[in-house]
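Reader: I am new to this structure and would like to go through it in questions and answers. May we begin?

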Amino acid sequence: MSELAGTIPGKGGFSFDLCRRNDMLVSKGLKPPSFLKTGTTIVGLIFQDGVILGADTRATEGPIVADKNCEKIHYMAPNIYCCGAGTAADTEAVTDMVSSQLKLHRYHTGRESRVVTALTLLKSHLFSYQGHVSAALVLGGVDVTGPHLHTIYPHGSTDTLPFATMGSGSLAAMAIFESKYREGLTRDEGVKLVAEAICSGIFNDLGSGSNVDICVITKGKQEYLRNYLLPNPRTYVSEKGYTFSKKTEVLFTKITPLRELVEVIEAGDAMEE
Amino acid sequence: MSVKLQIFEYNGSALVAMVGKNCFAIASDRRLGVQLQTVATDFQRIFKIHGKLFIGLSGLASDAQTLYQRLVFRHKLYELREERDMKPETFASLVSAILYEKRFGPYFIQPVIAGLGDEDKPFICTMDSIGAKELAKDFVVAGTASESLYGACESMFKPDMEAEELFETISQALLSSVDRDCLSGWGGHVYLVTPTEVTEKILKGRMD
């Protein structure tokens, strides 16, 4: 019975039961596996009406590009979005978790979520795991107190800034921001500046690439511009494609027809008085 | 002098899934090895969850079999409660959650999930060993031969292929990639799924 208990879905949180085996393998000379990282350039800036977030779309696994068009701008609340850099599983899991917590909080309080709430939930989770949950985030949103932009580091420290960049391409993007940012940008100027900063990361940083995603958050409205710019289209596609003249040799074939699901509607019997 | 233990290369594997027009194909190699020695040439890497949902598990074979048993258990519980099959998107989230639960002591596997969702729309995705989902509209690859598979699929893939052509493309991509990888090969195993039938084919490849 005790073995069965381990397989029944637990109460959530991390389970450490394979750690002993994995540590034993490490002592035998095992190299720990590499995880999917989002090399990344993520940026955010505050403009006159709200916040604009931007991100590239490349996900790397070591030197290989695993995903050419992944989504790095995660939904937290209707008025709050979060860009994530670092280990992809950690950024996705932590943003999903805090998004659910914010929803429950909205039901509980009956009010729109505030950016500082998301900030506190994220930083306390990351701090309690002492940086082992490797998620570096740019959190932005507009609530009743106005537009806010924060950066959150994997160990749990935060900064509140008018413009911010994170990830391996952060220096390339920050160079653009430092030279061209000013207060009171209009929406179009802000979007253009964010796109330029992300492009700088895409073209100069090897860990970032592919397309530009942008999210514009203003009071009461958000626009998620997925693939706003596609500066790296595939231009070498052959019109004919590949045709294989020699068919693959097959040793064995088995065809299983899929059964149609039949709905059985039983006529309900009237309950006996 | 022992070879340094690379856990993902302990057994060797190659997995690929591709999307076609209202159909999908998922293929794997058939070798099971213990580092450089081949132990089996008919190893099953792709498992059926339900009629229209398949999961391939690459990496350490023992973790793959353990995880498959846990997933079948969870799916059977779901079927009993909900009286219907799980949608591929839901199943992918389930696998991701089970893998992320072991974030600091992970299973050494990389899954490839392929299924037909609502209105028989094909769905494929892969994950790293801690559950970071990677959805794709064209193809996904995993295993020791993944770098060659990326190259082969990137050039051979065309969108909206019919079942016959999709089978040819995925087979050629798999066989040419495993030929460049010592740890995978010994034939291929392809499942081609359309809304009406599942075709399972075993391919003849180089046995070296």
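Reader: How many disulfides does a search of the whole structure find over all chains?

Author: This is a predicted model. A disulfide requires two cysteine sulfur atoms within 2.5 Å. For Cys83(A), the nearest cysteine sulfur is that of Cys82(A), 6.7 Å away, and Cys83(A) is in no disulfide. Over all chains, the number of disulfides found is 0.

Reader: Is Cys153(B) buried or exposed?

Author: A residue counts as buried under 20% relative accessible area. Cys153(B) has 0% relative accessibility, so Cys153(B) is buried. Cys83(A), with 0% relative accessibility, is buried. For Cys153(B), the answer is therefore buried.

Reader: Which residues of α3(B) are buried?

Author: Helix α3 of chain B covers residues 146-156. What covers its buried residues includes β5 (64-67) of chain A, together with β1 (14-19), β10 (139-143) and α4 of chain B. The buried residues themselves are Ser146(B), Leu149(B), Tyr150(B), Ala152(B), Cys153(B) and Met156(B).

Reader: At roughly what angle do the axes of α3 and α4 of chain B cross?

Author: Helix α4 of chain B runs over residues 163-178, and its axis comes within 9 Å of the axis of α3(B). The crossing of the two helices is right-handed. The angle between the axes is roughly 150°.

Reader: What is the relative accessibility of Trp186(B)?

Author: Trp186(B) lies in the loop between α4 and β11 (188-193) of chain B. Its phi is near 60°, a positive value in a residue other than glycine. Trp186(B) counts as buried, at a relative accessibility of 15%.

Reader: Which residues does Lys246(A) touch, not counting residues up to four places away in sequence?

Author: Lys246(A) has its place in the loop between β13 (221-229) and β14 (250-257) of chain A. At 69% relative accessibility, Lys246(A) counts as exposed. The residues that Lys246(A) touches are Glu168(B) and Gln172(B).

Reader: Is Asn211(A) buried or exposed?

Author: Asn211(A) lies in the loop between α6 (187-204) and β12 (212-218) of chain A. Leaving aside neighbours within four places in sequence, the contacts of Asn211(A) include Ala55(A), Lys68(A), Ile202(A) and Pro231(A). With a relative accessible area of 6%, Asn211(A) is buried.

Reader: What is the radius of gyration of chain B, and why is chain B as compact as a globular protein of that length?

Author: Chain B has 4 helices and 12 strands. For its 208 residues the globule rule gives 17 Å, and the value for chain B is close to this, so chain B is as compact as a globular protein of that length. Buried residues make up 62% of chain B. The radius of gyration of chain B is 16 Å.

Reader: What is the radius of gyration of chain A?

Author: Chain A comes to 6 helices and 14 strands, and its C-alpha trace spans about 70 × 70 × 55 Å along its principal axes. Of its 273 residues, 44% count as buried. A compact globule of 273 residues would have a radius of gyration near 19 Å, but chain A has 24 Å.

How values were computed:
Residues numbered from 1 in each chain as written. Chains lettered and ligands numbered in written order. Predicted model: local features only at pLDDT ≥ 70, side-chain atom pairs only at ≥ 80, totals over all residues. Heavy atoms only, no water. Axes fitted to C-alpha atoms, helices over the stretch in contact; angles between N-to-C directions. Left-handed = near helix turned anticlockwise from the far one by under 90°. Buried < 20%, exposed > 50% of the residue type's maximum accessible area, 1.4 Å probe, protein only. Rg over C-alpha atoms; globule rule 2.2 N^0.38 Å. Contact = heavy atoms within 4.5 Å.
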